[in-house]
Amino acid sequence: MKKLDPVFRSALDSAYAHSISHLEHLDDTSVAATVDAETLRSRIAQSLPDDGLPADKVIEELVRDVEGGLLGSAGGRFFGWVIGGALPAALAADWLTSAWQQNAALYATSPAAAIVEETVGEWLKDIFRLPAHASFAIVTGCQMAHVTCLAAARHALLSQRDWDVEGKGLYGAPPIRIISGDQRHASFERAVRLLGLGHANVVDLPVDDDGKLIPRSLAAELAKAPDAPAIVFLQAGDINTGAYDEFETLVPIAKQYGAWVHVDGAFGLWATASERRRHLVRGLELCDSWATDGHKWLNVPFDCGFAFVTNPDAHRASLSVRASYLTHANTARDQMDWNPEWSRRSRMFAAYAALRQLGRKGVEELVDRCSDHARSIVLRIGALEGAEVLWEPTINQGLVRFPDPSPSATDADHDRRTDAVIAEILKTGEAFFGGTTWRGKRAMRVSVCNWQTSDDDVDRVVAAARRAIAGAN
Ligand SMILES: *Cc1c(COP(=O)(O)O)cnc(C)c1O
């Protein structure tokens, strides 16, 4: 054994000590940032020096310079956007991933990474109750999972019409119709753009009061061009309300027209793991492709998302490449055949570690616990004087509003007051919530994805909201 150079070791020791310190101080540090962009720039944006620094000094200075500019998203009182934490085994495996420095492109570039990845894919299909023959990819997030799935969809729909889209592109191809509810996540649109399908070609159908696509509207839209290739985009978990489309009813309609059904289940797919919530996803297994995240509800470090495709041939045909210098395995899965990246982080180690730490029951328990916390945060804050519940969570997402108490208040005043209270909560440093506009009204969105959120955290954020309502103007 050759001992590490002392400066190398000291840099790692320093990173380790600061990581532990960051995690241990989450409870007594502001959840929101406390310095502005100008301050950060004054510390960070120096001109690139000609001469380098010792590694340990770089780490010490990095930690010093970002202070106040980090959010408390690793901890239990962060409810902004949809952001998970990192489970202990997942974080530790992520550190190892960096130390191991494996390129998870091929079996040949890291046999262990390839086999761990195969295993994670099989475990996830089992948790989500997807068809056993489905193929999968571990990508950077749900955004790239959409791209992966839609590349397969594009291939399948066009090859059925004798069109080689990988060869000829979309020039002269039969136009693909894309049909979606109008509350979809914007990442879908970007995937559509990247694949050359054009977001102006997405037909937005209005959703019902529960945020679900209306079966009648879908059938009517598909009937307008019954023979055209079509992609139907469904949601498992709306970002504001956690609403689910009714797969059981909608998918058979789409199938009558030979449409490809893709599901955005960035966080909502995880409800499948819960006995109490599984009814929300009835018929999910009938769809053609599914996109979800690891870095949200599974609580693995960024960047981690998962794509699943019911047609492995289309999936592989849309992405696989061959080059003379690559070495392809015939006894194992080459990841490059299934995802849009070339060289690639071995993010499957952290996902594997998370799943092993939790076990099947642990995943279920995490989903139920976060959902129960979301419900109690929304109901308890909503019950405060000066607040109201807009959407009571069925999973981990809900909405609260802070109406302006003045008798002559207009909708605009209620919106302004809601944003002011959110800003005031952030100022307390006790909790982090984001704002959103839902059905034309400003609202505070509550998203609980972090494994660390506890009953004490819930008490603390309700108390902070009470103070913020009193303090905001
Ligand atoms: C977060 C999210 C996405 C995008 O996922 P990334 O992991 O950020 O790429 C897509 N859809 C929904 C519903 C989301 O919540």
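The radius of gyration is taken over C-alpha atoms, and the globule rule against which it is set is 2.2 Å times the number of residues to the power 0.38. For 473 residues this rule puts a compact globule near 23 Å, and the chain agrees, with 24 Å. The structure is a predicted model, in which local features need pLDDT of at least 70 and side-chain atom pairs count only at pLDDT 80 or more, whereas totals for chains, interfaces and linings use all residues. Residues are numbered from 1 along each chain as its sequence is written, and side-chain values use heavy atoms, with hydrogens and water left out.

Along the principal axes, the C-alpha atoms fill a box of roughly 75 × 65 × 45 Å. The chain is divided into domain 1 (6-67), domain 2 (103-345) and domain 3 (366-471), with bounds that come from an automatic or database domain assignment.

The centres of domain 1 and domain 3, taken over C-alpha atoms, are separated by 32 Å. In the interface of these domains, 6 residues of domain 1 are in contact with 8 residues of domain 3 (heavy atoms within 4.5 Å). Together the two domains bury about 450 Å², of which 51% lies on carbon and sulfur atoms; buried area is the accessible area (1.4 Å probe) that two parts lose on being put together, summed over both. Asp27, Val31 and Ala32 supply 79% of the area that domain 1 buries against domain 3. The count between domain 1 and domain 3 is 1 salt bridge (a side-chain nitrogen of Lys or Arg within 4 Å of a carboxyl oxygen of Asp or Glu), and Arg460 forms a salt bridge with Asp27, the closest N and O atoms being 3.8 Å apart.
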